[in-house]
Structure formats: structure tokens, C-alpha cells
Amino acid sequence: MSFRIALIKGDGIGPEVVDSARAVLDKTAKVFGRTFDYEEALAGGCAIDAVGEPLPSESVRICKSCDAVLLGAVGGTKWDNLPVNIRPEKAILGLRSELGLFANLRPALLHKALAPFSPLRGDIADKGIDLMFVRELTGGIYFGERGVTRGAGGKAAFDTEMYSEAEIERIGRKAFELAMGRRKDVVSIDKANVLESSRLWRETMRRIAAEYPSVKYSEMLVDNAAMQLVINPSRFDVVVTSNLFGDILSDEAAAVTGSIGLIPSASVGEGSFGLYEPIHGSAPDIAGSGKANPTAAILSAAMMLRCSMSLCEEADRIEEAVEKALMSGARTSDMVCADSEKALSTKGMTEAVLSFI
Ligand code: IPM
Ligand code: MN
């Protein structure tokens, strides 16, 4: 069986880490007798440079014609001063809404054996972290009404947080379905003590929770959640929250595992189609230096095989290979934590993973 994958390498370290992920996919394909066909598409800063817009319609067409999209990263200081509608970030937001990818799944995993990577105190990190953020991705303040006006205080600007019941229901169901295959525990995060949109979020989540009586359900205010992620992260299984809260808290969850260079993500909708990307950005400061950690991109490819192609054995093989490489001491410079450890280049780290496929 053959699968079509759209590759969006993007900017900064994006091309380097996507090349690594592709090498791992190709080896996996060989071992398991699969065929992956790739089609490259432009998005982000490189698209602005090439055709004057961050997300050409041709790129959206290519993505829609494929089974899944593998994306590196977009953005960089070079494009930071452009007007907001032609900034590289527009490409990411446009892809999410054009492709109907309303759910962003961001796992944060810290094996007990890798606890020294974590910036957390030993007794906390030793308990391990294995949680899944389910972030709403195509609604809320990111897509709400916004504008600049003038008032008594001079110039004023606003953005609107708005959620419909339908939007909350579908992200809620995603979270509960995922929890059924995990430790059956969902925490919904909001700011219901202040925000009307959070009160509707809570009311709707409770209704969905009632459909899944075997899943333990609880609610947490976002400020408390930010604290619990640092003092007691092992208590979380599935965490469901809005677009903005999820953006902020998922970076925090990634950081407590030790390096955001290790964390993949999946953006999915109703069907099997999805977009997979590392959660680290384009890291322009190290682009081209061979220092980028390819692990998150490689793990994103594994998520793609499992979620969009139902190739679970292949996905397991990649995840195990990453784990074995890490356990054997393979490290990129963002992960080196003892004087005795030597940092591998992007290529070196990729080779280490390939050797275990
Ligand atoms: C992310 C990024 C994006 C977001 C930016 C680049 C628009 O930070 O994927 O988390 O805020 O969603
Ligand atoms: Mn973010």
C-alpha cells in the first residue's frame, strides 16, 4: 500500500529536521515494505520570498491531495517586521483553518530514566511525565473578531475569545476518545471564575463527560494548571483546553520534560487526515549549523503513521528506535546535561535513530 505525504520544510531548521524525518520514514518503509510518495509544498517565510505570500493556494491544494502533511517550522527574524497578514505565522493559521484541523495533540513524555533532562527537582521528575495536551486549534481568540479603534484613552485594540457549543463538543469528544485509550483521566482547563466563554466551555465539557462514565473528569483553572504542571505533572493524563491556553501551557509541559526538541504534535480534524510538526520553532539562530535536534520531527512522523495511516507497528518501531537511541546516550547539544556527554550533530542523531529501525 502506498501513501502520499506533503512535505512543508519551511524556514530555519525546518528543512534539516524534515530531511531527518524523511530518512527515518524511508528506512521504515523499506523494512516494512511500504511506499511513501512525497510532494513538497512551500509555506512560511520561504513562500513569502518565492511568491510574495505565506500560504500559496497551490500549497493548500497539494496538502489536500495527500494523506497527511509533515511540516518543519515556519518563521524567522527576517520576516518579523512584515504586516500581520503576510507574516509566516499566517501560513500555519491558514493551514489549520483551510484543512479543518481543529484539534492539536501535543504529548509531553518524560521517561523515568531520562529524568535528569528535566529542569524539575529530582523527586518530582523521578515520577515521570506522560500527558497529552488536546488544544482547540481553529477557534477562540486566535480567530475571533479583532480590531484597532480609538477611545478616550487614545488608540485601543481588541481580540475576541468566542466559542460555540459545537466547537467545544467536538474538541471535548476528541479528548475523551483519546483518554479511553490511555489512563482514562481528563482535566479540562479554563478561566471560568472570570470568563463567560469559559463558563460555556465548562458547561459543555460536563455534558460530554457524562457520555464517558468510565473516564474520570475534573476541571482546573488555568492559573492553577500552570502551577500544577510544575509541581505535580505526573497527575495529568489528558488535558483539554482552548486555543490560547493550550498554546501557552503546552510549551510549559514540553519544557518540563527537558527539551522542546523532543516533542512532536499532530493537528487533526474529523477524518484521518492530519498535519504533523515538531512543537519547537524555526530556531533561526542555529539554522544551518547542524545543531538542530531532529527527534521531535522524527516523532512527528511516527504520529503521522499511527494517526493518519494506521501504521501502528511502524510508528511503534520509530518511537522505540528514538527511545533506544536516547538510552544509548545519543544527545544533541540542547540535551547535553553532563560534562562527559558529547553532543551529536543533526545527522549524527539521525544516524543513531536509523541504526535502531
Ligand atoms: C504553535 C505556534 C503557533 C501558535 C504560532 C506560530 C502561530 O506558537 O503552534 O504553538 O501560536 O499556535
Ligand atoms: Mn506555541
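Asp130 is partly exposed, with 33% of relative accessible area. In this predicted model, Asp130 belongs to one network of salt bridges with shared partners, together with Arg182, Arg183 and Asp237. The whole structure holds 28 salt bridges. This briefing covers some of them, then turns to helix α11.

- Asp130 forms a salt bridge with the side chain of Arg182, at 3.3 Å from N to O.
- Asp130 lies in strand β5 (residues 129-136), while Arg182 lies in the loop between α6 (165-180) and β8 (185-190).
- The two residues are 52 residues apart, and their pairing links distant parts of the chain.
- Arg182 has 24% relative accessibility, so this residue counts as partly exposed.

- Side chains of opposite charge can pair when their charged atoms come close.
- Lys9 and Glu40 are joined by a salt bridge of 3.6 Å, N to O, between their side chains.
- Strand β1 (residues 2-10) contributes Lys9 and strand β2 (residues 35-40) contributes Glu40, with 31 residues separating the pair.
- Glu40 is partly exposed, because its relative accessibility is 48%, and buried would require under 20%.

- The side chains of Glu314 and Arg34 meet in a salt bridge with an N to O distance of 2.6 Å.
- Glu314 sits in helix α11 (residues 312-327), and Arg34 sits in the loop between α1 (14-32) and β2.
- This pair, too, links distant parts of the chain, at 280 residues apart.
- Glu314 is buried, since its relative accessible area is 3%, under the 20% limit.
- Arg34, by contrast, counts as partly exposed at 29% relative accessibility.

- Helix α11 is made of 16 residues and spans 22 Å from its first C-alpha to its last.
- That span is close to the 22 Å expected at 1.5 Å a residue.
- The buried residues of α11 are Glu314, Ala315, Ile318, Ala321, Val322, Ala325 and Leu326.
- These residues lie on the same side of α11, because they cover an arc of only 135 degrees around the axis.
- The cover over the buried residues of α11 includes α1, α10 (295-309) and α12 (346-354).
- Gly329 follows α11 and has a positive phi, near 100 degrees.

Technical notes: Residues are numbered from 1 along each chain as its sequence is written. Chains are lettered from A and ligands numbered from 1 in the order in which they are written. This is a predicted model: local features need pLDDT of at least 70, side-chain atom pairs count only at pLDDT 80 or more; totals for chains, interfaces and linings use all residues. Side-chain values use heavy atoms; hydrogens and water are left out. A salt bridge is a side-chain nitrogen of Lys or Arg within 4 Å of a carboxyl oxygen of Asp or Glu. Helices (H or I, at least four residues) and strands (E, at least two) are DSSP runs, numbered from the N terminus. Buried means under 20% relative accessible area, exposed over 50%, partly exposed in between (1.4 Å probe, protein chains only). The expected span of a helix is 1.5 Å times one less than its number of residues. The arc is that of the directions from the helix axis to the C-beta atoms. Contact means heavy atoms within 4.5 Å.
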